[in-house]
Amino acid sequence: MNTPLRVLVLWFPDWPLRAALGGPPPHPPTALVQANTIVACTASAREHGVRTGQRRRVAQGHLSSLRVLPHDPARDERAFLPVLQLIEKHAPGVALLRPGLAILRARGISRYHGGEAEAAGALAAVLAEAGLPEVRIGVADGPFTAEIAARGRDACTVVPPGLSQEFLAPYPVQVLRDEQIAGLLVRLGVRTLGEFTALAPLDVRDRFGEHGARLHALAAGADSRPLTPRPPDPELVRSIEFESPLGGTDQVAFAVRQTADAVLLALGDASVVCTEVRIDMTDDNGTVFSRTWLHPTCFDASDLVDRVRWQLEALAAQSAKEPVDEARAFGGILAVRIVPVAVDDAAHHQPGLFGSGTDERLHHAVSRVQTMLGHQGVVTAALAGGRWLADRQVLTPWGERAVAPRDPGSPWPGSLPDPLPAEVFLPPRPIGVLAADGAAISVDDRGALSQEPARIDGVAVQAWAGPWPVHERRWTSDGGRRGHRLQIVDDHDHAWLVFRTGERWWVEGRYR
């Protein structure tokens, strides 16, 4: 007879909210939204009728003051990684089920502490001391039963060996997390897991298929999922401390060269490369300045040194532009810490048999230019959403992740359709749009031109189209920004996009 696999599950209630709000509960009424649907909400929001799965409008109907934030699964994982590392220090072999839910084998830690309940209490004490007092722990014969136990009212629930089916029997079938099968079972009069397990396994398989048979086994406490321990993270962080504060950018960059080499050696020993790094600088006031840097491929030692120098230059420039009180003023650097945040398998970044060709040469050339000109010296362009051409262009330093502040795929009433002008003037330039008699053309309240355009910037007009109104943020106190656009082709076969706002015409872009 096989001995059941005893596992210990740690559950952190409302973890996505904790990751988003950055602190332990209780939290103010807050909900996380994805695709206009509530995916997580605080206990204070649930008290007013807000539930996961509700549409955003329905949730705000229950509580008009509900704070709504976008859900970011990547943020949940990043925030949970230090928790996993803390658990692993006291119980090796922890595995991640999902952010906010971790699992490990109960045998080793229970033997060390003299029992499963004692082991759970020791872990809870460690986590509470680290600022995570809300953790719930469940111990049972399998992951499913242990998770249900962890979600109970008690801080720690231990299900005795062999009693999983009895423990699960009172729970509703909705805990199986299959809305379709659970709904059908309820319509058939089967409302609890105990009633579900009373059905014959062959009948369940014939009616619900293999997936239904799997859920039937879970309801009976038979969970045979393998537990794959999370491999321990290699120690990749390297730091350096200086005997006296260093104020010069070149001094600090030269001093951290060996530290950068040490980081690359540690990465090489682990057969990984770094694609995202965080650099922490501590000044003589004890203030820590942190910044995360990305790389289009992977960092080498010189790249890390460049990022240290650029970060120090940015700090010095910011300190000069925005003076703060003397106690928090930026001083010389006492310590530098290089922390690889994201790593990748080194095999994914090996050059091909005959070299990687153009991409490798391009990256090398661009990186050399960026080293000479600084971090902002080489930028890449990305398309964002917006009505004005200047709003649709986002410039990001080479190597950083381009994040469009406005979704280009969203509808933007009044925006210019494709094709877009090849040249955009930043800022827009004043231009003259005149009628045949030399009078300046205006646009009335109904969007009609006073006369047909005849000359633009002294050149005869060959063709024109428009005007099209653009009016955004009209609800603001100043009435927002408004104007009327025209497309004009002159006799030199130059196509212009112009707009009138106030009493003047401006050129927004030119087609090529």
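This is a predicted model: local features need pLDDT of at least 70, side-chain atom pairs count only at pLDDT 80 or more; totals for chains, interfaces and linings use all residues.
Residues are numbered from 1 along each chain as its sequence is written, and side-chain values use heavy atoms, with hydrogens and water left out. Local features need pLDDT of at least 70 and side-chain atom pairs pLDDT 80 or more, whereas totals for chains, interfaces and linings use all residues.

Five strands form an open sheet of mixed pairing, in the order S5-S6-S1-S7-S8. Strands (E, at least two residues) and helices (H or I, at least four residues) are DSSP runs, numbered from the N terminus. Two strands count as paired if DSSP finds at least two bridges between them. Strand S5 (95-98) and strand S8 (156-158) are the edges, and each pairs on one side only. Neighbouring strands of the sheet are turned by 20° against each other on average, direction ignored. Axes here are lines fitted to C-alpha atoms, for helices over the stretch in contact; angles run from 0 to 180 degrees between N-to-C directions. S5 and strand S6 (residues 101-105) run antiparallel and are joined by three bridges. Ala 95 has Ile 103 in S6 as its bridge partner.

Helix H7 (residues 143-150) packs on this sheet. H7 touches strand S1 (7-11), S5, S6, strand S7 (136-140) and S8. Contact means heavy atoms within 4.5 Å. The direction of H7 makes about 145° with that of S7.

A kink of about 135° is centred on Phe 208. The bend at a residue is the angle between axes fitted to the seven residues ending there and the seven starting there. Phe 208 is also one of the buried residues of H11, which include Val 204, Gly 212, Leu 215 and Ala 219. Buried means under 20% relative accessible area, exposed over 50%, and partly exposed in between (1.4 Å probe, protein chains only). The cover over these buried residues includes H7, helix H8 (164-168), helix H9 (179-187) and helix H10 (193-197). Gly 221 follows H11 and has a positive phi, near 85°.

The count of salt bridges comes to 15. The criterion is a side-chain nitrogen of Lys or Arg within 4 Å of a carboxyl oxygen of Asp or Glu. Glu 147 and Arg 98 form one of them, at 2.7 Å from N to O. This pair links helix H7 to strand S5, across 49 residues of the chain. Glu 147 is buried at 10% relative accessibility, while Arg 98 is partly exposed at 31%.

A salt bridge also joins Asp 280 and Arg 337, with the closest N and O atoms 3.5 Å apart. Asp 280 lies in strand S10 (residues 272-283) and Arg 337 in strand S12 (residues 333-345), 57 residues apart. Asp 280 is buried at 8% relative accessibility; Arg 337 is partly exposed at 36%.

Arg 485 and Glu 508 meet at 3.0 Å, N to O. Arg 485 is buried, with a relative accessible area of 2%. Glu 508 is buried at 3% relative accessibility. Elsewhere, salt bridges with shared partners join Arg 98, Glu 147, Arg 151 and Arg 177 into one network.
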